[in-house]
Amino acid sequence: MLSLLLITGLAQAKTYTVLVYHGANPPYYFEEQGKPKGIFVDIFQELAKLTSYQFEFMPLSVARGQRYFDQGKIDIEPGINKVWRAEADVPGIYSIDYAFSTEVLLGYQSRCVGKHRPEQFYGALVGKVRGYRYDNFEAHLGEDKIVVYENVSEKELLAQLEHERLDYIMIGSVTADYYISQQPKYRKFQSCYEISRLPVHMRLQPHLTELQTGINIALRRMVNDGKIKSIYAKYRLTH
């Protein structure tokens, strides 16, 4: 089901669909009293003000969302690094980068001591969101290496980590910080190892070159005038 983000600008402005992962990664996207909230919501509200476009959110699971993009049913996937979709059937075209995403191994503080290399996590049971990829770190996953357990969202993985059903989880630092700030029971967790720190872009369908140009102009303005940083700060996060 489509969730209307906002209607601003021209009455006949073209509307584009935006993929968000339902329940997967607040503070990027979540619902509060049935209304969409989060970093992506605020970014697209600002993009709508700066362009003649309208945007609609399509909340889906990670696997289904990527399949819908490949089938042309989604116009935009925000917050993506190109290497994460290098093997997609439809790699897409990309906007300029507007922020960074840091992925980490999160675990109990006592289990982080002295661990500085991926090989030191071999034999551990590590949770990841189904459909997420971690580029070069994938070489450390598998038999006789890091054992992977997949689930549908970071929320589910955090609950399993808390109950010690997992040794560590792979998670974005922004998402981890958000959950830790919201739920004191998670403050015993910390980042044990930085998997990657990569720039993120808007991924668009290959034919949407005009939209790409418009979004690039607006994003560049938002970066230069500090709007992106203020959006992250709104959720008490650092960029």
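A search of the whole structure, which is a predicted model, finds one disulfide. A disulfide is a covalent bond between the sulfur atoms of two cysteines. Here the partners are C112 and C192, with their sulfur atoms 1.8 Å apart. The link of C112 and C192 is left-handed, with -40° about the S-S bond. C112 sits in the loop between β8 (99-108) and β9 (125-129), while C192 belongs to strand β12 (residues 189-204), so the bond ties together parts that are 80 residues apart in sequence.

Are the two cysteines buried or exposed? C112 has a relative accessible area of 6% and is buried, because the cut-off for buried is under 20%. C192, at 9% relative accessibility, also counts as buried.

The loop that holds C112 also holds R111, whose side chain takes part in a salt bridge. Its partner is D167, at 3.7 Å from N to O. R111 is partly exposed, with a relative accessible area of 25%. D167 counts as partly exposed at 25% relative accessibility.

How many salt bridges does a search of the whole structure find? The search finds 12 salt bridges. Side chains of opposite charge can pair when their charged atoms come close. Among the 12 are the pair of R111 and D167 and the two pairs between helices α1 and α6 described below. Elsewhere, salt bridges that share partners join D70, E77, R85 and R203 into one network.

Two packed helices are described by the angle between their axes and the distance between the axes. For helix α1 (residues 39-50) and helix α6 (residues 227-234), the angle is about 145° and the axes are 9 Å apart. The crossing of α1 and α6 is right-handed. On the α1 side the contact is made by I39, D42, I43 and E46, and these meet K227, I228, I231, Y232 and K234 in α6. By class, the contact of α1 with α6 has five nonpolar, four charged and no polar residues.

| Residue | Relative accessibility | Class |
|---|---|---|
| D42 | 11% | buried |
| E46 | 14% | buried |
| K227 | 30% | partly exposed |
| K234 | 56% | exposed |

How values were computed. Residues are numbered from 1 along each chain as its sequence is written. This is a predicted model: local features need pLDDT of at least 70, side-chain atom pairs count only at pLDDT 80 or more; totals for chains, interfaces and linings use all residues. Side-chain values use heavy atoms; hydrogens and water are left out. Axes are lines fitted to C-alpha atoms, for helices over the stretch in contact, and angles run from 0 to 180 degrees between N-to-C directions. Helices (H or I, at least four residues) and strands (E, at least two) are DSSP runs, numbered from the N terminus. A crossing is left-handed if the near helix is turned anticlockwise from the far one by less than a right angle, and right-handed if clockwise. Contact means heavy atoms within 4.5 Å. Ala, Val, Leu, Ile, Met, Phe, Trp, Tyr, Cys and Pro count as nonpolar, Asp, Glu, Lys and Arg as charged, and the others, Gly among them, as polar. A disulfide is a pair of cysteine sulfur atoms within 2.5 Å. Buried means under 20% relative accessible area, exposed over 50%, partly exposed in between (1.4 Å probe, protein chains only). A salt bridge is a side-chain nitrogen of Lys or Arg within 4 Å of a carboxyl oxygen of Asp or Glu.
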